[in-house]
Amino acid sequence: MAKVPVGKTIAFSYGFTLGNIGAIIGQIWLPMLLLTLGSYFVLSPYYESFSRAVAEDNTALVGQAAVTLLLYSLVSLIFYAMIYVTLTRHALGQPHSHSLLHFSLGAAEWRMYGALLALAFVLIILLIFIVLAATLLGVLATAILGAAGMAPEVAQAAKGIAPKTVSAPVAAVGSLISLFIVCAATYVFVRLFSVLAPVTVAEEQISLGRGWQLTAKNFWRLFAILVATLGPLFVVIVICQAFVLGPDSMLPHGDGSFAETAARMEKMRPNLPILYGLSFVFSPFLFGLLLGASAFAYRTLVPPPAARGVILDVP
């Protein structure tokens, strides 16, 4: 099994993005503008509905807002598919749009839409199974701790008494379960997503299994590439958001309840135009780095005869 060269992939990703930033902007600015406007006109009412639902204790409003958000997500994937196709073609060396006004909804874009939709569906199903498995492990571990007398809250709950505190062993089990969920979800996402775009574009097929096969024994390499390419940009974005919303907005606080979430969303709502503007500005760098790395990784994993239409220039 071929190995993805970490250093060369990172270098190509930055070189592709910074060396073609003008072309990247031309290729994605229209779909990104539509995404940004859609986010503002859909998510702003969602924030308002969610806050009002919590204030009025009206779960129906939360459900309506969630349905609207789901529909918007399904539509927004179309514009992401446009971006993924044109930039992946560019990074692979295939013929791509050179226009400063790119908008295409051909077979390639719908194929990419199907691939992204399949990825989202599989990730949701897998995440449900991961959470269920982790919950069962947590219940079993807590029961064992309770039987050993190391978790007094278990005995209290058995007597119908609500525990006021969580013992250290139970807290440790909870932390380990949370860590397991995060690690498992990250592993699956990296394996399925890393070469999804080039597989869909170069091989003209929707196949999550193909990406899983290609990325075998490359998880840590691909994870390191994602951290090195998107990590610095993420730090810059967080700093900008902290400047807009205040430093405390980036720190976890509160009890995580619906009321706390609604309060934070209400505080964020007046600044949504600025946050969406920042998202629009950073998007050429985000997609360039992400899809540039994905294309280069694919070119190192797929032999030339199998990569139809791909210009292979990997040393």
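The model described here is a predicted one, and all values given below were computed from it. In sequence, Ile124 and Ala185 are 61 residues apart, whereas in space their C-alpha atoms are 9.7 Å apart.

The protein as a whole may be considered next. Its secondary structure comes to eleven helices and zero strands, and the order of elements from the N terminus on is accordingly written α-α-α-α-α-α-α-α-α-α-α. Of the 315 residues in the protein, 39% are buried. When the contacts with a separation of 6 or more are considered, 78% of them are accounted for by residues 24 or more positions apart.

One pair of helices can be followed in detail. In general, two packed helices are described by the angle between their axes and by the distance between the axes. For helix α9 (residues 219–245) and helix α11 (residues 272–301), the axes come within 10 Å and cross at roughly 175°. Helix α9 is therefore roughly antiparallel to α11, a description that applies to angles over 145 degrees. On the side of α9, the contact is made by Leu222, Ile225, Leu226, Thr229, Leu230, Leu233, Val236, Ile237, Cys240, Gln241, Val244 and Leu245. On the side of α11, the residues that make the contact are Ile274, Leu275, Leu278, Phe282, Phe285, Leu286, Leu289, Leu290, Ala293 and Ala297.

The structure holds one salt bridge, in which the side chains of Glu203 and Arg210 meet at 3.0 Å, N to O. Glu203 counts as buried, because its relative accessibility of 11% falls under the limit of 20%. Arg210, at 18% relative accessibility, counts as buried as well, since this value is also under 20%.

Backbone angles remain to be described. Most residues other than glycine have a negative phi. Glu204, however, has a positive phi of about 55° although it is not a glycine. Glu204 is found in the loop between α7, which covers residues 196–202, and α8, which covers residues 208–214. The relative accessible area of Glu204 is 47%, so this residue is described as partly exposed. A positive phi is likewise found at Lys217, where the angle is near 60° in a residue other than glycine. Lys217 is located in the loop between α8 and α9, and its relative accessibility of 68% means that Lys217 counts as exposed.

Technical notes
Residues numbered from 1 in each chain as written. Predicted model: local features only at pLDDT ≥ 70, side-chain atom pairs only at ≥ 80, totals over all residues. Heavy atoms only, no water. Axes fitted to C-alpha atoms, helices over the stretch in contact; angles between N-to-C directions. Helix = DSSP H or I, 4+ residues; strand = E, 2+ residues; numbered from the N terminus. Parallel < 35°, antiparallel > 145°, perpendicular 65-115°, else oblique. Contact = heavy atoms within 4.5 Å. Salt bridge = Lys/Arg side-chain N within 4 Å of Asp/Glu carboxyl O. Buried < 20%, exposed > 50% of the residue type's maximum accessible area, 1.4 Å probe, protein only.
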